[in-house]
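Subject: Handover of a structure and its findings

Dear colleague,

Please find below the structure that I am handing over to you. My notes on it follow directly after.

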Amino acid sequence: LNKNKMQEKYMTKKMNRRKFQSINELLDFAINKESESIKIYNKIAARAEDNAIKVIFKRFAREEFDHMRRLTEIKEKNYMENESSTLLDLDVPSFSFKLKRKGNLSVKDALKLAVRREKAAFQLYSQMAEATENPTAKKLLTDLARDEAQHEMKISVENDTYLRNVA
């Protein structure tokens, strides 16, 4: 997919304009969202009755950990320290979700939740990559956006496979 078509396909519906006070605040926000995804995916894996779903979500959690590590690298190595203020004013996608407290989460709902989070992360990283002027940060963020789009595709494949096996 080319960049514009990819962005159209992976756009979340709910967006909020957010003004970050610093690059570190923006990076902390992104790192926090990856950390939340790790916790959510591990929780889904722990609650899943189907072993294949457990394996899938544990893998997703490991991949999100790698994203968190790469964002931390961007922050620690100050790749984005001299960025313009346009990067701090973004349309932030909604990462919100509702996870039932009791009982098992259906596979369908778990996969839908994962798709929503991956789309939101894709959009956030795409905006950050587009706005940054640092080539190293741009590459890392573009790679993260691509990974998130690939995750959404993997989730869709897993969903199709699961539904075929259950039917």
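Does glutamate 73 count as buried, partly exposed or exposed, and at what relative accessibility? Glutamate 73 counts as partly exposed, because its relative accessibility is 23%. In these terms, buried means under 20% relative accessible area, exposed means over 50%, and partly exposed is in between (1.4 Å probe, protein chains only).

Before the details, two remarks on the basis of these notes are in order. The model is predicted, with local features needing pLDDT of at least 70 and side-chain atom pairs counting only at pLDDT 80 or more, while totals for chains, interfaces and linings use all residues. Residues are numbered from 1 along each chain as its sequence is written, and side-chain values use heavy atoms, with hydrogens and water left out.

Overall layout

The chain holds five helices and two strands; helices (H or I, at least four residues) and strands (E, at least two) are DSSP runs, numbered from the N terminus. Read from the N terminus on, the order of the elements is α-β-α-α-β-α-α. Of the 167 residues in the chain, 47% are buried. Among contacts between residues at least 6 apart in sequence, 81% join residues at least 24 apart, where contact means heavy atoms within 4.5 Å.

The pair α3 and α5

Helix α3 (residues 51–76) packs with helix α5 (residues 135–166) at an angle of about 175°, and their axes are 11 Å apart. The axes are lines fitted to C-alpha atoms, for helices over the stretch in contact, and angles run from 0 to 180 degrees between N-to-C directions. The two helices are therefore roughly antiparallel to each other; angles over 145 degrees count as roughly antiparallel, under 35 as roughly parallel, 65 to 115 as roughly perpendicular and the rest as oblique.

Residues of α3 in this contact include Arg59, Phe60, Glu63, Arg70 and Ile74, and those of α5 include Leu140, Asp143, Asp147, His151 and Tyr162. The residues of the contact divide into 10 nonpolar, two polar and nine charged. Here Ala, Val, Leu, Ile, Met, Phe, Trp, Tyr, Cys and Pro count as nonpolar, Asp, Glu, Lys and Arg as charged, and the others, Gly among them, as polar.

Leucine 140 is in helix α5 and counts as buried, because its relative accessibility is 14%. Leaving aside residues up to four places away in sequence, leucine 140 touches Arg70, Ile74 and Tyr79. The C-alpha atoms of leucine 140 and alanine 129, 11 residues apart along the chain, are 8.1 Å from each other.

Salt bridges

Side chains of opposite charge can pair when their charged atoms come close. The whole structure has 12 salt bridges, a salt bridge being a side-chain nitrogen of Lys or Arg within 4 Å of a carboxyl oxygen of Asp or Glu.

Glutamate 73 forms one with lysine 77, the closest N and O atoms being 3.9 Å apart. Another joins glutamate 63 and arginine 59, with 3.8 Å between the closest N and O atoms. Both of these residues lie in helix α3, four residues apart, about one turn of the helix. Glutamate 63 counts as buried at 19% relative accessibility, whereas arginine 59 counts as partly exposed at 24%.

Aspartate 66 and arginine 70 also meet in a salt bridge (3.2 Å, N to O). Because they are four residues apart in helix α3, about one helical turn separates them. Aspartate 66 is partly exposed at 26% relative accessibility, and arginine 70 is buried at 11%. Salt bridges that share partners join Asp66, Arg69, Arg70, Lys139, Asp143, Arg146 and Asp147 into one network. Within that list, arginine 146 lies in helix α5 and is partly exposed, with a relative accessible area of 37%.

Glutamate 118 is in helix α4 (residues 107–131). Not counting residues up to four places away in sequence, glutamate 118 touches Tyr41, Glu64, Glu148, His151, Glu152 and Ile155.

Yours sincerely
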